Each structure stands twice: as C-alpha cells, then as structure tokens.
Amino acid sequence: MEATLKAEQTTATIAVIQLGTLLAVLVYFARDIINITRAFVRDHVALLGGKRRANGSVQLSHDAWLGWLVIIGSIPVALVGLLFKRQIEGTFTKNLWVIATMMIVVAVLLALAELMGKKERSMQQLGIGDALAVGFAQVLALIPGSSRSGSTIMGGLFVGLTRETAARFSFLLSIPAIAASGILELKEAIHKLPDGSYLPLIVATFFSGLVGYASIWFLLRFLRTHSTGVFIVYRLVVGGAIIFALWGGYMSASAG
C-alpha cells in the first residue's frame, strides 16, 4: 500500500512538473499556435457558412489541417492513458528494470528509424497516417524511460519526415498530452503529496520551463544538421549501465 502511494506521488509530481515544459512549448511555438487556432476557427466557420476560398476550393488551409492532425495524433495516448491509468500510476512503471529496458528499446527503434526513414517530408506534407504514426509512438512515453520526444521523433522518422519536422510536430503534439496529464495529476498531487512539498514543486516546475525552452531551442537547431546518433548512444550507455548495476546488485530496482 505504501509503495503504491509513493508511486502515485511520483507520477503526480512528474506530471505537474511537466506543466513547466508545457509552458515552454507554448511560449516557443506561440506564433504557430496562434496561426493554427486562428485558421482552424476561421476555416470551419467559413465551411459551415458555405463560403468558398478565392479559387473556389472548400479545403482547409495548412494551419487548420495541422490543428486536426494534432487532435488525431493525440487520440492514441488519450485512450491508452485512460484505459491503463492505474498501471501507469502504479509501481510497475517505477521499476528500474522497466525504465532501463525502455531506454534501450527506444534507442534501438530510433536507430532503425534513422536507417530506414527517408527523411524527406516537411510540415506541409503531413497527413493523417503521419499523425497516427507519431501519435501511437507517443503512447510509449507512458512508460518511464521511453522519452516522449525520443519516441515521437522516432515515429516521425519511420514515416519519412525530416528530423526537424518530426521534432516540431512532436512538440505540437505534446501540448494536449502534457496539458491533460498535468491538470489531471495536479488534483491528485494536492491530495496525495505531503505538506511542505508544494513550494519545491512550484520551483521545480519553474525551472522545468526554463530548461524545457532551452532544450527546444537547442534540439530544433541541432536536428537541422545532425542525426539523433548522440541521443541513441546516450540512451544505450545509460540504460546498459543501469541494467549492469541492477544485475550486479549495486542498486535496487524498486523506486521505494
């Protein structure tokens, strides 16, 4: 019982701290978000009113369509997250064997995506299949050790997106996922976290936002001219080191 409560507290804390990362995404992609929201509302109002564009077309603009792709891509993680909420918040996903294994699994999948993906298609060429591929890859992030950005970029590379496009769509797709989990777990945190933990949580969330913004800035620029190789190696080394330590009895697999 105590182990389960501690695991739930850990899940709630991580989810709330990620609200800082969400704020970083909102600030960094503010122009994109405004354009998508404005186009989404404008185009659908026009469609409902029977209005056509200057060329007679009734198709949605790219920004409005991108809004739908974010919605579609968010469906898999929402469904799986709700169906397996108890397991995700439980002790299984806090086990270091699971975390280390997922670090290695995602590293291998990311390496395969780098080798197999054509890396040719841009944001203008995104379709429903791409949104679902990245969306299902995001489901892996429900298991600690997977890395949400690593998993979603991997999904994007598999369907032929450029590295930068995969990363940009990954961050846009993170908005509903992080917002939903953070807000839901905020209520849990208020009831489950011990007294005196709120100030450290606020400070951690603030610094999460600062680090998140810097990470977005760096990653998008890095991926324009570099592969994800350094992240693959990092995950393999750290995941392998944890497994070695667990195997040798140098550390305990339990989060408690």
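Here are some questions and answers on this model.

Q: What kind of model is this, and how are its residues numbered?
A: This is a predicted model, where local features need pLDDT of at least 70, side-chain atom pairs count only at pLDDT 80 or more, and totals for chains, interfaces and linings use all residues. Residues are numbered from 1 along each chain as its sequence is written, and side-chain values use heavy atoms, with hydrogens and water left out.

Q: How many helices and strands are there in the protein chain?
A: There are ten helices and zero strands. Helices here are DSSP runs of H or I with at least four residues, strands are runs of E with at least two, and both are numbered from the N terminus. Reading along the sequence, you get α-α-α-α-α-α-α-α-α-α.

Q: Why is serine 146 called buried?
A: Buried means under 20% relative accessible area, exposed means over 50%, and partly exposed is in between (1.4 Å probe, protein chains only). Serine 146 has a relative accessible area of 0%, so it counts as buried. Across the protein chain, buried residues make up 41% of the 256 residues.

Q: Where is serine 146, and what does it touch?
A: Serine 146 sits in the loop between α6 (128-139) and α7 (148-158). Leaving out residues up to four places away in sequence, serine 146 touches Met102, Val106, Leu140, Ala141, Ser151 and Arg235. A contact means heavy atoms within 4.5 Å. Also, a polar atom of the serine 146 side chain lies 2.9 Å from the backbone oxygen of isoleucine 143.

Q: Why is serine 147 called partly exposed?
A: Serine 147 has 28% relative accessibility, so it counts as partly exposed. Serine 147 is in the loop between α6 and α7. Its phi is near 75°, a positive value in a residue other than glycine.

Q: What about lysine 119: which label does its accessible area give?
A: Lysine 119 is partly exposed, because its relative accessible area is 23%. You'll find lysine 119 in the loop between α5 and α6. Phi of lysine 119 is near 55°, again a positive value in a residue other than glycine.

Q: Is glutamine 59 buried or exposed?
A: Glutamine 59 has a relative accessible area of 61%, so it is exposed. Glutamine 59 lies in the loop between α2 (30-48) and α3.

Q: What makes the pair of threonine 162 and threonine 165 a polar contact?
A: A polar contact is a pair of N or O atoms within 3.5 Å; within protein, one must be able to donate a hydrogen and the other to accept it, and residues adjacent in sequence count only if both atoms are side-chain atoms. The side chains of threonine 162 and threonine 165 are joined by a polar contact of 2.7 Å. Threonine 162 is in the loop between α7 and α8, while threonine 165 is in helix α8. Threonine 165 has a relative accessible area of 6%, so it is buried, whereas threonine 162, at 22%, counts as partly exposed.

Q: How do you describe the packing of α3 and α6?
A: Two packed helices are described by the angle between their axes and the distance between the axes. Helix α3 (residues 62-83) and α6 pack at an angle of about 30°, with their axes 8 Å apart. Axes are lines fitted to C-alpha atoms, for helices over the stretch in contact, and angles run from 0 to 180 degrees between N-to-C directions. The contact includes Trp65 and Leu69 of α3 and Ile128 and Phe136 of α6.

Q: What makes a set of residues a nonpolar core?
A: A nonpolar core is a set of buried Ala, Val, Leu, Ile, Met, Phe, Trp, Tyr and Cys residues joined through side-chain atoms within 4.5 Å. The largest one here has 37 residues, and those with the most contacts inside it are Phe29, Leu66, Phe169, Leu172 and Ile216. The largest share of this core, nine residues, comes from α8. Leucine 66 touches residues including Phe169 and Leu172.
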